[in-house]
Amino acid sequence: MKKILLLFLTVFIGVFQTFSQEKIKLKGVLMTNNYHKKITWIKSKPTPLVKKDFTVGANSVKNIQIYFGAKMEEGKQIIMPIRLINNYFDTSWVFFDEVSYLLGSRKEIRQGKGVVFKIKDKETTRNTIGVEVHEQSDIEAIGEAKDFIKYVLENEETGLIVRYIDNDKGQYVDVKVPKGTKKLKKHFKALVESYNKLCKMFKLEQRF
C-alpha cells in the first residue's frame with residue numbers, strides 16, 4: 001500500500017512567523033526551510049522525464065518541478081508566486097535557452113494536432129556534477145509556463161515530449177516522457193492545492 005505523505009508545517013513566531021504556529025496538513029509535497037532568509041519553500045515532488053532504476057533519485061535525472069515560497073515581510077504574510085523548474089542532466093551540454101512541451105497522443109502528434117507550450121529563459125544556470133552536466137531553468141509560472149501547468153491539470157493524461165532548445169546554434173534535444181503527463185499531473189495537483197490552501201487560510205486573494 002502506498003503511503004500518503006503528510007507534511008505538518010510548524011513555523012515558529014520570531015523565526016518565520018509564516019504559519020503562526022499552526023499545524024497545516026499539506027499532502028504530497030516537499031518542504032525545506034531557509035533559516036538564513038526566513039523563507040519556507042514548498043515544492044512538488046520532482047517528476048523524472050526518463051526511466052530510472054532504484055539506485056537513481058528523481059533529482060538526479062531530467063525532471064520538472066514546481067514550487068513556491070512563504071515568508072513574513074514587515075509583519076505581512078507573503079505567499080510567493082509559483083515557479084517552474086526544468087532540470088537537464090546528461091553527459092554533454094545543450095546550452096538550452098528555451099524549453100518546448102509537446103502534448104498529445106501519438107496519433108494527435110502525427111496529425112499535427114498536438115498542443116505546444118514554450119518557455120524561454122536566457123538565465124539558465126549550468127554546472128558539472130562529476131562526469132555529468134546539469135542545466136537548469138527556473139522561471140515564474142506566468143504566460144505559457146502557467147498555461148502549460150494548467151493544461152496538464154485540467155486535461156486527461158496524455159503523451160509528452162520535452163524539447164530543450166539552443167536557439168543560438170539551432171540545436172535541440174528531445175525527450176519522450178515514458179508515462180506522459182501521468183505523474184506530472186499528480187505532482188502539479190498536490191503543489192497547486194497546497195498553494196491555494198495557504199492563500200485561502202491567510203485570506204490572500206491570489207490563487208493559481
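Two strands count as paired if DSSP finds at least two bridges between them. Helices (H or I, at least four residues) and strands (E, at least two) are themselves DSSP runs, numbered from the N terminus. The model looked at here is a predicted one, so local features need pLDDT of at least 70 and side-chain atom pairs count only at pLDDT 80 or more, while totals for chains, interfaces and linings use all residues. Residues are numbered from 1 along each chain as its sequence is written, and side-chain values use heavy atoms, with hydrogens and water left out.

Let's start with the sheet. Strand β13 (residues 160-166) pairs with β14 over six bridges, in the antiparallel sense. Within β14, Val-173 is the residue opposite Tyr-164. These strands belong to an open, four-stranded sheet with antiparallel pairing and the order β10-β9-β13-β14. The edges are taken by β10 (115-120) and β14 (171-176); each has a single partner strand, so one side of each has no neighbour in the sheet. From one strand to the next, the twist averages 15°. As a general point, strands of a sheet pair through backbone hydrogen bonds, either parallel or antiparallel.

Strand β9 is joined to β10 by six bridges, and the two run antiparallel; here Val-99 has Ile-119 of β10 as its bridge partner. Another six bridges link β9 to β13, again antiparallel, with Tyr-101 partnered by Val-162 of β13. Buried means under 20% relative accessible area, exposed means over 50%, and partly exposed is in between (1.4 Å probe, protein chains only). Five of the six residues of β9 are buried, so this strand is largely enclosed by the rest of the structure.

Now for the helices. The axes of α2 (residues 144-154) and α3 (residues 182-201) come within 9 Å and cross at roughly 110°; axes are lines fitted to C-alpha atoms, for helices over the stretch in contact, and angles run from 0 to 180 degrees between N-to-C directions. Angles under 35 degrees count as roughly parallel, over 145 as roughly antiparallel, 65 to 115 as roughly perpendicular and the rest as oblique, and α2 and α3 are therefore roughly perpendicular to each other. Where they meet (contact means heavy atoms within 4.5 Å), α2 brings Phe-148, Ile-149, Val-152 and Leu-153, and α3 brings Leu-184, Lys-185, Phe-188, Lys-189 and Val-192.

Phe-148 also shows up in the core, which is a set of buried Ala, Val, Leu, Ile, Met, Phe, Trp, Tyr and Cys residues joined through side-chain atoms within 4.5 Å. The largest nonpolar core has 42 residues, and those touching the most other members are Ile-82, Tyr-101, Phe-148, Val-162 and Tyr-164. Helix α3 gives the most to this core, with eight residues. Leaving aside residues up to four places away in sequence, Phe-148 touches Leu-84, Tyr-101, Leu-103, Phe-117, Leu-184 and Phe-188.

Two loop residues are worth a look too. Glu-74, in the loop between β6 and β7, has a phi near 55°, a positive value in a residue other than glycine. With 85% relative accessibility, Glu-74 counts as exposed. Phe-95, in the loop between β8 and β9, also is a residue other than glycine with a positive phi, near 60°. Its relative accessible area is 38%, so Phe-95 is partly exposed.
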